[in-house]
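Biologist: Please take a close look at a single part of this model and describe how it is placed. Then set it against the rest of the chain.

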Amino acid sequence: MQIETANLQQPATRVIALVDVNNFYVSCERVFNPKLRNRPVVVLSNNDGCVISRSAEAKALDIAMGAPWFQIRKFAEQENVFVLSSNYALYADMSNRVMSILRQFSPLQEIYSIDESFLDLSGFTHVDLTDYAQKLRQTVLQGTGLPVCVGIGSSKTLAKMANHCAKQQLALNGVCNFNALPETDVDASLREIAVGKVWGIGRALSKKMHELEIFTAYDLKRSDAATMRSKFSVVLEKTVRELNGTTCLELEQIRGPQQQILSTRSFGQTVRDLQTLQEAVTLLTTRAGEKLRQRQLFAGSIHVYIRTSPFRDAGQQYDNGFNIDLHTPTNSSMRLVEAAFKALGQIYRPGYDYMKAGISLGALATAQGQQQDMFEISDTHDKSVRLMQTIDSINQKMGRATIKLASEGVQKHKQAEIKQPWRMKQEMMSPRYTTRWDELLQVN
(Lines give C-alpha, C1' and ligand atoms only; values in the text may rest on other atoms or scores of the structure.)
Protein backbone atom coordinates (compact mmCIF):
# COMPACT_ATOMS: atom_id res chain seq x y z
CA MET A 1 0.00 0.00 0.00
CA GLN A 2 1.36 3.40 -1.02
CA ILE A 3 0.87 6.36 1.33
CA GLU A 4 0.22 9.68 -0.37
CA THR A 5 2.33 12.41 1.17
CA ALA A 6 1.87 15.29 -1.24
CA ASN A 7 0.94 17.72 1.51
CA LEU A 8 3.47 17.49 4.31
CA GLN A 9 2.80 20.85 5.93
CA GLN A 10 2.12 20.45 9.64
CA PRO A 11 -1.47 21.53 10.40
CA ALA A 12 -2.31 23.70 13.37
CA THR A 13 -3.96 20.73 15.10
CA ARG A 14 -2.11 17.48 15.67
CA VAL A 15 -3.81 14.30 14.56
CA ILE A 16 -2.99 11.25 16.69
CA ALA A 17 -4.77 7.92 16.22
CA LEU A 18 -4.85 5.06 18.71
CA VAL A 19 -5.60 1.67 17.18
CA ASP A 20 -6.60 -1.04 19.65
CA VAL A 21 -7.59 -4.67 19.01
CA ASN A 22 -10.90 -5.53 20.66
CA ASN A 23 -10.62 -8.16 23.41
CA PHE A 24 -7.26 -9.12 21.91
CA TYR A 25 -6.59 -12.57 23.37
CA VAL A 26 -10.16 -13.73 22.82
CA SER A 27 -10.20 -12.29 19.30
CA CYS A 28 -7.00 -14.18 18.43
CA GLU A 29 -8.63 -17.42 19.54
CA ARG A 30 -11.75 -16.72 17.50
CA VAL A 31 -9.76 -16.27 14.30
CA PHE A 32 -8.86 -19.97 14.31
CA ASN A 33 -11.96 -21.31 16.07
CA PRO A 34 -15.15 -19.75 14.64
CA LYS A 35 -17.23 -21.79 17.10
CA LEU A 36 -16.18 -19.28 19.77
CA ARG A 37 -17.99 -16.40 18.06
CA ASN A 38 -21.10 -15.00 19.73
CA ARG A 39 -20.56 -17.01 22.89
CA PRO A 40 -18.92 -16.11 26.23
CA VAL A 41 -15.18 -16.75 26.19
CA VAL A 42 -12.47 -16.03 28.76
CA VAL A 43 -8.70 -16.47 28.62
CA LEU A 44 -6.78 -17.27 31.82
CA SER A 45 -3.39 -16.07 33.05
CA ASN A 46 -0.27 -18.14 33.78
CA ASN A 47 -1.04 -21.45 35.47
CA ASP A 48 -4.74 -20.87 34.67
CA GLY A 49 -4.91 -18.50 37.61
CA CYS A 50 -7.30 -15.67 36.78
CA VAL A 51 -9.23 -14.05 33.92
CA ILE A 52 -7.13 -11.72 31.74
CA SER A 53 -9.33 -11.40 28.65
CA ARG A 54 -13.10 -11.55 28.17
CA SER A 55 -15.43 -11.52 25.21
CA ALA A 56 -18.32 -9.06 25.19
CA GLU A 57 -20.63 -11.95 26.04
CA ALA A 58 -18.51 -12.85 29.09
CA LYS A 59 -18.56 -9.22 30.23
CA ALA A 60 -22.36 -9.28 29.96
CA LEU A 61 -22.31 -12.15 32.50
CA ASP A 62 -20.45 -9.82 34.91
CA ILE A 63 -17.29 -11.95 34.86
CA ALA A 64 -14.73 -9.52 36.25
CA MET A 65 -11.25 -8.95 34.88
CA GLY A 66 -8.79 -10.63 37.24
CA ALA A 67 -11.42 -12.96 38.70
CA PRO A 68 -9.70 -16.12 40.11
CA TRP A 69 -10.62 -19.15 38.02
CA PHE A 70 -11.26 -21.40 41.02
CA GLN A 71 -13.90 -18.93 42.25
CA ILE A 72 -15.86 -18.61 39.00
CA ARG A 73 -15.37 -22.12 37.63
CA LYS A 74 -18.75 -23.45 38.70
CA PHE A 75 -20.55 -20.35 37.42
CA ALA A 76 -18.68 -20.54 34.10
CA GLU A 77 -19.69 -24.16 33.63
CA GLN A 78 -23.34 -23.32 34.39
CA GLU A 79 -23.34 -20.46 31.87
CA ASN A 80 -21.52 -22.51 29.18
CA VAL A 81 -18.51 -20.17 29.16
CA PHE A 82 -15.65 -21.39 26.97
CA VAL A 83 -12.38 -21.20 28.91
CA LEU A 84 -8.86 -21.14 27.42
CA SER A 85 -5.34 -21.07 28.81
CA SER A 86 -3.18 -18.19 27.60
CA ASN A 87 -1.38 -18.90 24.32
CA TYR A 88 1.31 -16.22 24.29
CA ALA A 89 3.16 -17.55 21.24
CA LEU A 90 0.00 -17.15 19.16
CA TYR A 91 -0.83 -13.72 20.58
CA ALA A 92 2.68 -12.34 19.99
CA ASP A 93 2.70 -13.50 16.37
CA MET A 94 -0.76 -12.05 15.69
CA SER A 95 0.35 -8.78 17.28
CA ASN A 96 3.35 -8.58 14.95
CA ARG A 97 1.04 -9.05 11.96
CA VAL A 98 -1.27 -6.26 13.10
CA MET A 99 1.59 -3.83 13.74
CA SER A 100 3.07 -4.60 10.34
CA ILE A 101 -0.21 -3.69 8.64
CA LEU A 102 -0.55 -0.48 10.66
CA ARG A 103 2.87 0.65 9.45
CA GLN A 104 1.34 0.89 5.99
CA PHE A 105 -1.00 3.66 7.18
CA SER A 106 1.55 6.02 8.71
CA PRO A 107 5.34 6.32 8.67
CA LEU A 108 5.17 7.54 12.30
CA GLN A 109 4.15 4.71 14.64
CA GLU A 110 4.56 3.93 18.33
CA ILE A 111 3.77 0.37 19.39
CA TYR A 112 2.38 1.02 22.84
CA SER A 113 1.48 -2.53 23.89
CA ILE A 114 0.81 -5.96 22.40
CA ASP A 115 -2.58 -4.79 21.10
CA GLU A 116 -2.27 -0.98 20.89
CA SER A 117 -0.45 1.35 18.54
CA PHE A 118 -0.34 5.12 18.12
CA LEU A 119 -0.16 6.56 14.60
CA ASP A 120 0.62 10.18 13.74
CA LEU A 121 -1.70 11.28 10.92
CA SER A 122 -0.96 15.00 11.18
CA GLY A 123 0.29 15.27 7.59
CA PHE A 124 -2.76 13.62 6.06
CA THR A 125 -4.76 16.79 5.34
CA HIS A 126 -5.79 15.52 1.91
CA VAL A 127 -7.92 12.61 3.17
CA ASP A 128 -11.08 12.22 5.22
CA LEU A 129 -9.54 10.75 8.37
CA THR A 130 -12.73 9.01 9.50
CA ASP A 131 -12.93 7.19 6.16
CA TYR A 132 -9.18 6.53 6.34
CA ALA A 133 -9.62 4.95 9.79
CA GLN A 134 -12.45 2.76 8.46
CA LYS A 135 -10.18 1.60 5.63
CA LEU A 136 -7.53 0.81 8.23
CA ARG A 137 -10.02 -1.31 10.20
CA GLN A 138 -11.08 -3.22 7.09
CA THR A 139 -7.46 -3.86 6.09
CA VAL A 140 -6.53 -5.25 9.53
CA LEU A 141 -9.67 -7.40 9.59
CA GLN A 142 -9.00 -8.76 6.12
CA GLY A 143 -5.31 -9.39 6.82
CA THR A 144 -5.59 -10.94 10.28
CA GLY A 145 -9.25 -11.54 11.11
CA LEU A 146 -8.95 -9.25 14.15
CA PRO A 147 -11.42 -6.41 14.86
CA VAL A 148 -9.93 -3.06 15.87
CA CYS A 149 -11.27 0.29 17.03
CA VAL A 150 -9.69 3.63 16.16
CA GLY A 151 -9.75 6.80 18.26
CA ILE A 152 -8.49 10.09 16.83
CA GLY A 153 -7.62 13.22 18.79
CA SER A 154 -5.21 16.14 18.91
CA SER A 155 -3.14 14.44 21.66
CA LYS A 156 -2.37 10.90 22.76
CA THR A 157 -4.67 11.21 25.78
CA LEU A 158 -7.59 12.46 23.66
CA ALA A 159 -6.93 9.66 21.16
CA LYS A 160 -7.22 7.21 24.08
CA MET A 161 -10.51 8.78 25.12
CA ALA A 162 -11.80 8.71 21.55
CA ASN A 163 -10.86 5.03 21.30
CA HIS A 164 -12.85 4.38 24.48
CA CYS A 165 -15.88 6.01 22.86
CA ALA A 166 -15.37 4.00 19.66
CA LYS A 167 -15.59 0.80 21.70
CA GLN A 168 -18.60 1.84 23.77
CA GLN A 169 -20.80 3.42 21.10
CA LEU A 170 -21.89 0.93 18.44
CA ALA A 171 -23.27 3.70 16.22
CA LEU A 172 -19.70 4.92 15.58
CA ASN A 173 -18.80 1.68 13.74
CA GLY A 174 -15.46 1.39 15.51
CA VAL A 175 -14.12 4.90 14.73
CA CYS A 176 -14.38 8.05 16.85
CA ASN A 177 -12.72 11.19 15.49
CA PHE A 178 -12.68 13.92 18.13
CA ASN A 179 -10.93 16.28 15.70
CA ALA A 180 -13.99 16.22 13.44
CA LEU A 181 -16.40 17.13 16.27
CA PRO A 182 -17.25 20.48 17.84
CA GLU A 183 -15.70 20.93 21.29
CA THR A 184 -19.15 20.80 22.90
CA ASP A 185 -19.65 17.26 21.55
CA VAL A 186 -16.19 16.19 22.72
CA ASP A 187 -16.94 17.58 26.19
CA ALA A 188 -20.24 15.69 26.23
CA SER A 189 -18.34 12.48 25.56
CA LEU A 190 -15.77 13.25 28.27
CA ARG A 191 -18.61 13.78 30.77
CA GLU A 192 -19.61 10.14 30.20
CA ILE A 193 -16.13 8.77 30.99
CA ALA A 194 -15.23 8.14 34.64
CA VAL A 195 -11.97 9.80 35.69
CA GLY A 196 -10.53 6.37 36.55
CA LYS A 197 -10.74 5.49 32.85
CA VAL A 198 -8.43 8.35 31.87
CA TRP A 199 -5.01 7.17 30.70
CA GLY A 200 -2.64 6.98 33.68
CA ILE A 201 -5.22 7.65 36.42
CA GLY A 202 -6.33 4.22 37.60
CA ARG A 203 -8.28 3.17 40.68
CA ALA A 204 -6.04 4.50 43.47
CA LEU A 205 -5.55 7.97 41.99
CA SER A 206 -9.21 8.26 41.02
CA LYS A 207 -10.14 8.06 44.72
CA LYS A 208 -7.97 11.11 45.37
CA MET A 209 -9.62 12.81 42.40
CA HIS A 210 -13.03 12.19 43.97
CA GLU A 211 -11.88 14.02 47.10
CA LEU A 212 -11.35 17.07 44.85
CA GLU A 213 -14.81 16.55 43.27
CA ILE A 214 -13.28 15.36 40.02
CA PHE A 215 -15.43 12.45 38.88
CA THR A 216 -15.23 12.46 35.07
CA ALA A 217 -12.70 13.05 32.32
CA TYR A 218 -14.42 16.39 31.69
CA ASP A 219 -13.96 17.41 35.34
CA LEU A 220 -10.25 16.64 35.02
CA LYS A 221 -10.05 18.62 31.81
CA ARG A 222 -11.55 21.65 33.57
CA SER A 223 -9.17 21.41 36.53
CA ASP A 224 -6.14 23.67 36.91
CA ALA A 225 -3.04 22.04 35.41
CA ALA A 226 -0.61 23.85 37.74
CA THR A 227 -2.62 22.74 40.78
CA MET A 228 -2.57 19.13 39.58
CA ARG A 229 1.20 19.36 39.28
CA SER A 230 1.67 20.78 42.79
CA LYS A 231 -0.71 18.30 44.42
CA PHE A 232 0.30 15.22 42.42
CA SER A 233 2.93 15.23 39.66
CA VAL A 234 4.06 16.72 36.37
CA VAL A 235 2.56 13.67 34.66
CA LEU A 236 -0.92 14.63 35.83
CA GLU A 237 -0.33 18.21 34.72
CA LYS A 238 0.47 16.90 31.23
CA THR A 239 -2.69 14.78 31.30
CA VAL A 240 -4.82 17.86 31.98
CA ARG A 241 -3.13 19.78 29.19
CA GLU A 242 -3.55 16.86 26.80
CA LEU A 243 -7.26 16.67 27.60
CA ASN A 244 -7.41 20.31 26.53
CA GLY A 245 -5.81 19.49 23.19
CA THR A 246 -2.18 20.42 23.88
CA THR A 247 0.27 17.74 22.80
CA CYS A 248 2.65 17.01 25.68
CA LEU A 249 3.44 13.36 24.92
CA GLU A 250 5.16 12.75 21.61
CA LEU A 251 5.23 9.42 19.82
CA GLU A 252 8.20 7.29 20.87
CA GLN A 253 9.43 5.87 17.58
CA ILE A 254 12.87 5.05 18.99
CA ARG A 255 12.98 3.98 22.61
CA GLY A 256 16.06 4.48 24.72
CA PRO A 257 18.23 1.52 25.66
CA GLN A 258 16.39 -0.96 27.86
CA GLN A 259 17.63 -1.00 31.44
CA GLN A 260 16.50 -4.46 32.50
CA ILE A 261 15.11 -7.74 31.16
CA LEU A 262 12.94 -9.81 33.49
CA SER A 263 11.90 -13.43 33.17
CA THR A 264 9.77 -15.00 35.91
CA ARG A 265 7.52 -18.01 36.32
CA SER A 266 5.11 -19.44 38.86
CA PHE A 267 5.34 -23.22 38.88
CA GLY A 268 2.50 -25.59 38.07
CA GLN A 269 3.49 -27.60 41.17
CA THR A 270 5.80 -26.88 44.07
CA VAL A 271 9.49 -27.72 43.63
CA ARG A 272 11.89 -28.94 46.34
CA ASP A 273 15.12 -30.25 44.82
CA LEU A 274 17.93 -28.13 43.39
CA GLN A 275 18.12 -29.92 40.03
CA THR A 276 14.49 -29.17 39.23
CA LEU A 277 14.99 -25.54 40.19
CA GLN A 278 18.02 -25.46 37.89
CA GLU A 279 15.86 -26.67 35.02
CA ALA A 280 13.39 -23.84 35.60
CA VAL A 281 16.16 -21.24 35.93
CA THR A 282 17.73 -22.52 32.71
CA LEU A 283 14.49 -21.93 30.81
CA LEU A 284 14.03 -18.44 32.27
CA THR A 285 17.63 -17.49 31.53
CA THR A 286 17.64 -18.78 27.94
CA ARG A 287 14.41 -16.89 27.23
CA ALA A 288 16.03 -13.72 28.56
CA GLY A 289 19.12 -14.45 26.49
CA GLU A 290 16.99 -14.69 23.36
CA LYS A 291 15.56 -11.24 24.09
CA LEU A 292 19.07 -9.86 24.58
CA ARG A 293 20.19 -11.09 21.19
CA GLN A 294 17.02 -9.92 19.46
CA ARG A 295 17.67 -6.41 20.78
CA GLN A 296 21.43 -6.62 20.19
CA LEU A 297 22.17 -6.02 23.87
CA PHE A 298 24.66 -7.50 26.35
CA ALA A 299 24.07 -8.06 30.07
CA GLY A 300 26.61 -7.05 32.70
CA SER A 301 24.82 -8.64 35.66
CA ILE A 302 22.25 -11.29 36.52
CA HIS A 303 19.97 -11.52 39.56
CA VAL A 304 18.23 -14.77 40.52
CA TYR A 305 15.46 -15.14 43.08
CA ILE A 306 13.30 -17.98 44.38
CA ARG A 307 10.37 -17.99 46.77
CA THR A 308 7.77 -20.22 48.37
CA SER A 309 4.04 -19.50 48.40
CA PRO A 310 3.21 -16.39 50.46
CA PHE A 311 0.10 -18.18 51.71
CA ARG A 312 2.02 -20.81 53.67
CA ASP A 313 2.66 -20.63 57.40
CA ALA A 314 5.46 -18.22 58.35
CA GLY A 315 7.81 -21.07 59.25
CA GLN A 316 7.39 -22.62 55.80
CA GLN A 317 8.07 -19.41 53.84
CA TYR A 318 11.37 -18.52 52.21
CA ASP A 319 12.20 -15.70 49.80
CA ASN A 320 15.72 -14.79 48.67
CA GLY A 321 17.74 -13.48 45.75
CA PHE A 322 21.36 -13.07 44.73
CA ASN A 323 23.09 -10.81 42.20
CA ILE A 324 26.24 -11.63 40.21
CA ASP A 325 28.24 -9.09 38.23
CA LEU A 326 29.55 -10.68 35.05
CA HIS A 327 33.26 -10.38 34.36
CA THR A 328 32.49 -9.56 30.71
CA PRO A 329 29.06 -8.45 29.41
CA THR A 330 27.48 -11.23 27.36
CA ASN A 331 24.33 -12.35 25.59
CA SER A 332 25.37 -16.00 25.42
CA SER A 333 22.74 -18.20 27.03
CA MET A 334 25.41 -20.66 28.14
CA ARG A 335 27.40 -18.03 30.01
CA LEU A 336 24.27 -16.54 31.52
CA VAL A 337 23.06 -19.94 32.74
CA GLU A 338 26.47 -20.66 34.26
CA ALA A 339 26.25 -17.42 36.27
CA ALA A 340 22.62 -18.08 37.17
CA PHE A 341 23.54 -21.46 38.65
CA LYS A 342 26.16 -19.80 40.83
CA ALA A 343 23.58 -17.33 42.11
CA LEU A 344 21.03 -20.10 42.67
CA GLY A 345 23.58 -22.09 44.68
CA GLN A 346 23.96 -19.14 47.02
CA ILE A 347 20.25 -18.90 47.88
CA TYR A 348 18.87 -22.44 47.61
CA ARG A 349 17.84 -23.96 50.92
CA PRO A 350 16.59 -27.59 51.10
CA GLY A 351 13.33 -28.45 52.81
CA TYR A 352 11.16 -25.72 51.26
CA ASP A 353 8.39 -25.99 48.68
CA TYR A 354 9.32 -23.38 46.08
CA MET A 355 6.52 -21.90 44.02
CA LYS A 356 8.22 -19.24 41.89
CA ALA A 357 11.58 -18.32 40.38
CA GLY A 358 12.81 -15.38 38.38
CA ILE A 359 15.88 -13.86 36.81
CA SER A 360 16.74 -10.27 35.97
CA LEU A 361 19.44 -9.17 33.54
CA GLY A 362 20.91 -5.75 34.30
CA ALA A 363 23.70 -3.37 33.28
CA LEU A 364 22.54 -3.71 29.69
CA ALA A 365 24.66 -2.20 26.93
CA THR A 366 25.00 -2.29 23.17
CA ALA A 367 28.03 -3.83 21.47
CA GLN A 368 29.51 -0.34 21.11
CA GLY A 369 28.77 0.59 24.70
CA GLN A 370 30.20 -2.43 26.49
CA GLN A 371 33.66 -2.48 28.00
CA GLN A 372 35.85 -5.26 26.63
CA ASP A 373 38.06 -7.48 28.79
CA MET A 374 41.72 -7.33 27.76
CA PHE A 375 42.05 -11.01 28.68
CA GLU A 376 39.04 -12.13 26.61
CA ILE A 377 40.01 -14.67 23.95
CA SER A 378 38.36 -13.40 20.79
CA ASP A 379 38.26 -16.81 19.10
CA THR A 380 36.25 -18.29 21.97
CA HIS A 381 33.95 -15.27 21.98
CA ASP A 382 33.37 -15.54 18.22
CA LYS A 383 32.54 -19.25 18.52
CA SER A 384 29.98 -18.47 21.22
CA VAL A 385 28.37 -15.77 19.07
CA ARG A 386 28.15 -18.08 16.05
CA LEU A 387 26.71 -20.89 18.18
CA MET A 388 23.97 -18.64 19.61
CA GLN A 389 23.14 -17.32 16.14
CA THR A 390 22.83 -20.86 14.81
CA ILE A 391 20.59 -21.99 17.69
CA ASP A 392 18.36 -18.92 17.34
CA SER A 393 18.06 -19.45 13.60
CA ILE A 394 17.04 -23.10 13.96
CA ASN A 395 14.53 -22.34 16.73
CA GLN A 396 12.98 -19.54 14.69
CA LYS A 397 12.49 -21.86 11.71
CA MET A 398 11.59 -25.09 13.49
CA GLY A 399 9.89 -23.82 16.64
CA ARG A 400 11.03 -22.61 20.05
CA ALA A 401 13.11 -25.09 22.07
CA THR A 402 13.85 -27.30 19.06
CA ILE A 403 17.42 -26.93 20.33
CA LYS A 404 17.91 -26.13 24.00
CA LEU A 405 20.48 -26.48 26.76
CA ALA A 406 20.62 -29.91 28.40
CA SER A 407 20.28 -28.33 31.85
CA GLU A 408 16.67 -27.42 31.00
CA GLY A 409 15.82 -31.11 31.27
CA VAL A 410 13.49 -33.22 29.14
CA GLN A 411 9.75 -32.66 29.23
CA LYS A 412 7.81 -35.88 29.38
CA HIS A 413 4.78 -36.48 27.18
CA LYS A 414 1.62 -34.90 28.56
CA GLN A 415 0.13 -38.33 29.15
CA ALA A 416 3.17 -39.64 30.99
CA GLU A 417 3.00 -40.06 34.73
CA ILE A 418 6.01 -37.83 35.35
CA LYS A 419 6.18 -34.28 34.03
CA GLN A 420 8.43 -31.34 34.83
CA PRO A 421 6.57 -29.84 37.82
CA TRP A 422 7.77 -26.29 37.18
CA ARG A 423 6.03 -26.13 33.81
CA MET A 424 3.02 -23.83 33.77
CA LYS A 425 -0.45 -25.26 33.93
CA GLN A 426 -1.95 -24.73 30.48
CA GLU A 427 -4.54 -27.45 30.47
CA MET A 428 -6.90 -25.60 28.11
CA MET A 429 -4.43 -24.03 25.67
CA SER A 430 -5.30 -23.92 21.99
CA PRO A 431 -2.74 -24.95 19.33
CA ARG A 432 0.00 -22.46 18.39
CA TYR A 433 -1.39 -22.24 14.87
CA THR A 434 1.06 -19.72 13.43
CA THR A 435 4.37 -20.64 15.09
CA ARG A 436 4.54 -24.46 15.22
CA TRP A 437 4.55 -26.68 12.14
CA ASP A 438 3.08 -29.58 14.09
CA GLU A 439 0.16 -27.43 15.29
CA LEU A 440 -0.96 -25.93 11.98
CA LEU A 441 -4.71 -25.65 11.50
CA GLN A 442 -6.08 -28.63 9.59
CA VAL A 443 -9.15 -28.32 7.39
CA ASN A 444 -10.95 -31.58 6.62
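Modeller: In strand β4, the bridge partner of Val-42 is Val-83. In β3, Val-42 stands opposite Arg-54. Helices (H or I, at least four residues) and strands (E, at least two) are DSSP runs, numbered from the N terminus. This is a predicted model, in which local features need pLDDT of at least 70 and side-chain atom pairs count only at pLDDT 80 or more, while totals for chains, interfaces and linings use all residues. Residues are numbered from 1 along each chain as its sequence is written, and side-chain values use heavy atoms, with hydrogens and water left out.

Val-42 belongs to strand β2, residues 41-44. The pairing of β2 with β4 (residues 82-85) is parallel and has four bridges; strands pair if DSSP finds at least two bridges between them. With β3 (residues 51-54), β2 pairs in the antiparallel sense over three bridges. These two strands, β2 and β3, form a hairpin with six residues between them. In its turn, Asn-47 has a positive phi of about 60 degrees.

In a regular strand the side chains alternate between the two faces of the sheet. For β2, Val-41 and Val-43 lie on one side and Val-42 and Leu-44 on the other. All four are buried, and both faces are covered; buried means under 20% relative accessible area, exposed over 50% and partly exposed in between (1.4 Å probe, protein chains only).

Elsewhere, helix α1 (residues 24-32) and helix α4 (residues 88-102) have axes that come within 10 Å and cross at roughly 90 degrees. Axes are lines fitted to C-alpha atoms, for helices over the stretch in contact, and angles run from 0 to 180 degrees between N-to-C directions. Residues making the contact include Phe-24, Tyr-25 and Phe-32 of α1 and Tyr-88, Leu-90 and Met-94 of α4; contact means heavy atoms within 4.5 Å.

As for the whole protein, its secondary structure comes to 14 helices and 13 strands. Of its 444 residues, 45% count as buried. Among contacts with a separation of 6 or more, 68% are between residues 24 or more positions apart.
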